[in-house]
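Welcome! Keep the view open while you read.

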Amino acid sequence: MPAPVASHQLTPSGVWRLRLWMVAFSLLVLFYTAWATLQIERRTQAEVSGQLQANALLLAELMKKDFSRAQQYGELLATGLGAHPELLQNSPSALDLWLDAYDDLSPPRVLFTRILDAQGQMLASDEPGGIRHREPDMARAMVDLQKGRMEVGAMHHPEGGMLWHLPLRLPVRNAQGKLIGAVELIMDFSLQATTVEKLSQEQDRQWPGFAAGWIRNDGVMLLRWPLVPEALQPDYYSAPRQGILARTLRQGPVAQQGFIRGFVSADTMLRNLAWHRVGTFGITAFVTIPQRDLWIALWRNTRLQWFAALAMLVLAWSAFFQAASMMRALRVRSAWDRTYSGVVRAGFKSESLQELPRLLCASLLEHGLCSSAWLLRLDEVGNMAVLAHAGPPRLAALPMPCVPLALQSWQQEVLALGATPAEGLALPLCIQQEPWAVLVLQGVPWLGRSSDRQRATQRGAWRLRQQIELVLDNLRLRETLEHERDSQRHLALHDVLTGLPNRAALTEFLSDWAMPGTSGRHALALVDLDDFKQVNDRFGHKAGDVFLREVALRMRHALRPEDYLVRLGGDEFVIAFAPVRESADIDPVLRRLIDQVQRPLQLAESDSATPGLSLGVVWLGATAQSMEALLMLADQALYRSKRNKATRKFAWTTFEADILGQVHDDTLDLPLTLQASDAPATADGADAVPTRPMGQT
């Protein structure tokens with residue numbers, strides 16, 4: 001028994017409660033730190049969102065100011081050309097003179113002006129030195145002008161220069177509203193590019209991944225700073241983008257501004273992005289920073305809180321481990337004591353000796369006595385068979401250091417202990433003084449104080465062995481008693497000669513066979529072997545026994561698996577047929593029974609006998625009936641079948657009446673209503689032989 005514990009010491013349950021409190025405290029600290037981090041993250045996210053949206057609005061207003069002036073100038077030109085459509089039909093020199101007349105009204109950001117016809121062909125231009133660059137797909141641009149008031153072209157960045165050119169096209173319509181041409185204003189986008197570059201440099205100190213620019217509402221990029229390598233490719237400013245911003249603009253044409261988070265196509269990076277549409281010009285200003293930069297900023301703002309939380313947890317858990325280490329000996333003693341009682345409970349749970357190894361190993365593991373447990377059975381040459389194992393699946397096979405311990409314990413019937421119990425401990429187990437198996441444990445803690453722990457551990461192991469062997473002896477005794485009881489019951493309910501159920505078994509079977517309310521019709525047949533006495537007289541009683549066994553075997557094979565065959569005694573058998581829907585459903589079974597039984601049976605070297613059968617069949621009514629009453633009814637039908645054996649058409653006679661409400665166990669005056677067939681009457685005027693035509697009942 002463990003020594004009493006002082007009141008000031010922690011009990012094992014107290015250690016567990018303290019551990020739970022420590023876990024709860026740790027979770028509380030972590031949850032609070034995470035909650036505070038989440039609040040800071042939300043606040044940072046809100047600040048970043050506001051800052052990005054403010055920058056996006058700044059870029060949108062910058063673009064809107066220049067575009068508004070250019071739009072007014074372009075509409076003035078388009079209105080003049082629409083009022084004088086004949087100018088588009090004159091020579092280019094006339095258009096050049098007409099453009100020169102408006103040159104003084106041109107806004108500062110408009111570099112030069114081009115006049116296009118309805119197919120997008122160039123008619124006139126004030127570009128010095130001739131036209132240097134044209135968009136390849138002008139026909140598409142003219143189609144877009146059919147639908148709207150203005151169309152923004154693709155950005156052009158001349159090679160080797162710092163200029164950015166952006167075309168702005170306005171439709172020229174005649175008095176009937178038909179598109180007859182277009183005014184194309186080539187705008188200087190260098191100032192906007194410089195503004196975005198400066199903004200990016202300012203924000204780069206705080207957000208290294210900062211980027212800003214403008215994009216058309218159809219997803220075509222106008223300008224993004226800092227420039228990506230593919231920005232120098234010509235198709236970069238003509239192919240629609242597939243990033244989160246382009247999809248958002250296409251899916252929500254009504255929204256004027258927003259803040260989203262997702263992957264952008266420029267660098268395939270998760271970003272926070274604010275955007276703002278530039279009036280009705282079909283372009284959108286955007287500002288974005290990577291989510292990575294936001295996480296880095298969040299870590300900088302919360303790292304002191306996390307360091308403080310971790311330091312608090314380290315101090316608290318250090319104090320806990322110091323307190324828990326003082327109670328180790330008490331916990332180990334408690335584990336051994338629980339294991340003793342657990343072995344007994346495993347014995348009570350076991351239904352058989354084959355189930356005990358699994359429950360025993362599981363019980364040893366459940367109460368914390370070991371980390372792995374094996375039950376082994378060894379032969380004389382040392383081959384091991386694992387009866388049960390509990391522990392990690394990777395240790396299902398016995399570790400090599402434990403093999404010599406198991407062999408030593410089995411051969412010498414002694415406790416085999418490794419350098420420490422954790423390395424291995426082997427116990428021989430016996431059932432009623434006969435060797436049965438070896439129990440091998442790993443991870444067993446030392447028992448007792450350090451000065452006497454090996455001897456105390458050995459005593460604890462021997463006590464464990466005594467508990468297990470007591471359980472084994474009780475199980476062996478219980479199995480022996482149960483086997484003897486089952487054998488006696490089998491002998492009481494079965495015929496010794498044929499192995500069939502006997503009269504007592506029939507009584508039990510019929511009690512649940514045709515309970516009221518069961519579906520289907522139930523039939524009971526009494527079977528008698530014809531001329532069995534002649535077989536005994538002719539071949540002897542030993543051959544008669546062989547005759548009975550073979551007939552019983554043939555009858556069992558001829559019947560359905562769900563039919564119940566019983567030997568009453570002598571040459572009489574009873575068949576309880578499984579429920580059927582119609583009375584005629586047992587006709588095939590009866591015919592198969594007659595055909596298989598009435599085959600010659602070899603009883604001597606040169607002589608054989610052919611079994612003959614007579615049957616009386618009775619059908620149950622709607623109420624329950626005792627076995628004796630059923631057998632009386634079947635016997636009446638059997639008697640008539642045997643009396644008219646020479647003239648009967650079938651080997652069975654069927655009782656055809658709902659007689660269960662009329663027959664009583666205490667009377668032999670039983671009404672027998674049999675359906676008369678075409679069988680002839682007896683010569684002396686006696687009753688006709690009760691038979692039935694094929695297929696009737």
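## Exercise 1: A helix across a sheet

Helix α14 (residues 587-597) lies across β18 (572-576), β21 and β22, and runs at about 160 degrees to β21. Before going on, note that this is a predicted model, in which local features need pLDDT of at least 70 and side-chain atom pairs count only at pLDDT 80 or more, while totals for chains, interfaces and linings use all residues. Residues are numbered from 1 along each chain as its sequence is written, and side-chain values use heavy atoms, with hydrogens and water left out.

**Task.** Work out in which order the five strands of the open sheet with mixed pairing are arranged.

**Solution.** 
- Start with the terms: helices (H or I, at least four residues) and strands (E, at least two) are DSSP runs, numbered from the N terminus. Two strands pair if DSSP finds at least two bridges between them.
- Now read across the sheet: the order is β17-β18-β16-β21-β22.
- Look at the edges next. β17 (564-569) and β22 (652-655) each have a single partner strand, so one side of each is left without a neighbour in the sheet.
- Neighbouring strands are turned by 20 degrees against each other on average, direction ignored. Axes here are lines fitted to C-alpha atoms, for helices over the stretch in contact, and angles run from 0 to 180 degrees between N-to-C directions.
- Finally, zoom in on one pair: β21 (residues 612-619) and β22 run parallel and are joined by four bridges. Gly616 stands opposite Thr653 in β22.

## Exercise 2: An antiparallel sheet

**Task.** Find which strands stand at the edges of the open sheet with β7 and β8.

**Solution.** 
- Write down the order of this five-stranded sheet, β7-β6-β10-β9-β8, with antiparallel pairing.
- The edge strands are β7 and β8 (257-263); each has a single partner strand, so one side of each lacks a neighbour in the sheet.
- From one strand to the next, the twist averages 20 degrees.
- Inside the sheet, seven bridges join β9 (residues 270-277) to β10 (residues 283-290), and these two run antiparallel. Leu273 has Thr288 in β10 as its bridge partner.

## Exercise 3: Checking a helix

**Solution.** 

## Exercise 4: Two residues and their contacts

**Task.** Is Ala239 buried or partly exposed, and which residues does Glu479 contact beyond four places in sequence?

**Solution.** 
- Ala239 sits in the loop between β7 (221-225) and α5 (244-251). Its relative accessible area is 31%, so Ala239 is partly exposed.
- Not counting residues up to four places away, Ala239 touches Gly219 and Val220; contact means heavy atoms within 4.5 Å.
- Glu479 belongs to helix α10 (residues 453-493). Its contacts, with neighbours within four places left aside, are Ser352, Leu353 and Gln354.
- Glu479 and Leu353 are 126 residues apart in sequence, yet 7.8 Å apart in space, C-alpha to C-alpha.

Conventions. Buried means under 20% relative accessible area, exposed over 50%, partly exposed in between (1.4 Å probe, protein chains only).
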